[in-house]
Amino acid sequence: MEIKAIVLDIDGTLLTSKKVISAKTKQALITAQEKGIKVILASGRPTTGMYTLAKELEMTKYEGYLVSYNGSRVTDCKTNDVLFNQTMSVETGQSILAHLKNFDVLPMIDKEDYLYVNDVYNNILKLPDDDFNIIEYEARGGNFKLCEIDDLAAFATFPINKILIAAQPEYLQEHVKAIHAPFDETVTAAFSAPFYFEFTDKGIDKAKALNTVFPDLGIHSYNMIAFGDGHNDRSIIEYARIGVAMGNAVEELKAVADDVTLSCDEDGIAAGLEKYLFN
């Protein structure tokens with residue numbers, strides 16, 4: 001079957017550990033688009049945090065697509081039309097945010113130009129490499145201004161695509177069942193990194209977004225090759241005809257992938273495209 005689309009996670013997949021697209025990976029993706037293959041970025045990031053990368057990959061010119069918020073929204077790069085959008089209900093969002101007050105986590109939600117947090121100065125995670133200002137990172141990555149809200153649950157009187165929480169990895173692992181348990185039947189939740197846990201509406205994942213939008217555009221699962229590295233990439237790795245885990249992927253993803261390529265710092269996407277598309 002013909003490959004018509006390349007589905008790419010962003011962090012740990014498209015981007016190197018220095019958070020840039022390597023020249024070799026960029027050229028491979030431009031070449032693929034010149035051959036008529038669509039690029040679909042599929043990330044937990046908000047839509048606004050994907051536009052710069054889409055521009056760098058010339059996705060407006062080549063009519064690519066953005067799957068944001070772990071699959072709860074799909075946007076056409078050329079027209080900026082939203083092709084799919086499934087949010088949590090207001091009640092569900094408020095219930096989750098109220099529940100999170102019981103835990104030592106940093107909840108974040110966004111609306112339009114702003115990222116909303118409880119305290120912009122309570123922002124540091126102590127990670128193995130260094131202290132990490134997680135709120136600054138999310139705000140800059142999403143191109144958001146920051147706003148403090150004492151009670152996010154009371155504030156969130158609007159539908160939310162995703163609730164992101166950050167915390168020390170060990171703490172999250174210890175408490176994740178208690179954090180998620182009251183909402184097992186109403187939301188989908190997943191780790192996107194050891195220090196990130198994310199809530200979206202029930203049934204939402206990246207593959208759900210792909211399967212909702214792209215068959216009507218003549219692009220089916222058997223026309224896709226997908227690349228990812230994290231737990232929240234499992235759905236696209238299993239959905240696509242060819243699911244490729246990055247060399248730096250979590251072991252659980254490597255176990256279900258059709259293939260494992262080089263790491264994001266070794267041009268793993270370019271190597272995978274060379275193997276499956278350009279040989």
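Two strands are taken to pair if DSSP finds at least two bridges between them, and helices (H or I, at least four residues) and strands (E, at least two) are DSSP runs, numbered from the N terminus. The structure is a predicted model, in which local features need pLDDT of at least 70, side-chain atom pairs count only at pLDDT 80 or more, and totals for chains, interfaces and linings use all residues. Residues are numbered from 1 along each chain as its sequence is written, and side-chain values use heavy atoms, with hydrogens and water left out.

On these terms, strand 1 (residues 5-8) and strand 2 pair in the parallel sense over 4 bridges, with Leu 8 standing opposite Leu 41 in strand 2. Strand 2 also pairs with strand 3 (residues 65-68), again in the parallel sense, over 3 bridges, and Tyr 65 in strand 3 is the bridge partner of Ile 40. Strand 2, helix 3 (residues 51-56) and strand 3 make a right-handed β-α-β unit, where right-handed means that, with the strands pointing away from the viewer, the path from the first strand over the helix to the second runs clockwise.

These elements belong to an open sheet of 8 strands with mixed pairing and the order 5-4-3-2-1-14-15-16. Its edge strands, each of which pairs on one side only, are strand 5 (82-85) and strand 16 (259-260). Strand 3 is joined to strand 4 by 4 bridges and the two run antiparallel, Asp 76 in strand 4 being the bridge partner of Tyr 65. Strand 3 and strand 4 form a hairpin with 4 residues between them, and in its turn Tyr 69 has a positive phi of about 50 degrees. Strand 4 (residues 73-76) is joined in turn to strand 5 by 3 bridges, also antiparallel, and Val 74 has Phe 84 of strand 5 as its bridge partner.

Ser 43 is placed in the loop between strand 2 and helix 3, and it is buried, with a relative accessible area of 2%. Counting contacts as heavy atoms within 4.5 Å, and leaving aside residues up to four places away in sequence, Ser 43 touches Asp 9, Ile 10, Met 50, Val 67, Ser 68, Tyr 69, Asn 70, Gly 71 and Lys 206.

Helix directions were compared through axes, which are lines fitted to C-alpha atoms, for helices over the stretch in contact, with angles from 0 to 180 degrees between N-to-C directions. Helix 8 (residues 206-213) lies across strand 1, strand 2, strand 3, strand 4, strand 5 and strand 14 (224-228), and runs at about 130 degrees to strand 5. Helix 11 (residues 268-276) lies across strand 1, strand 14, strand 15 (242-245) and strand 16, and runs at about 155 degrees to strand 14. Within helix 11, Gly 268, Ile 269, Ala 270, Gly 272 and Leu 273 are buried, and what covers the buried residues of this helix includes strand 1, helix 1 (10-14), helix 2 and strand 14.

The axes of helix 2 (residues 23-34) and helix 11 come within 8 Å and cross at roughly 40 degrees. The contact is made by Lys 24, Thr 25, Ala 28 and Leu 29 of helix 2 and by Ile 269, Ala 270 and Leu 273 of helix 11.

In the segment after helix 11 lies Asn 279, which is exposed, with a relative accessible area of 73%. The C-alpha atoms of Asn 279 and Thr 52 are separated by 30 Å, the two residues being 227 residues apart along the chain.

Definitions and conventions:
Buried < 20%, exposed > 50% of the residue type's maximum accessible area, 1.4 Å probe, protein only.
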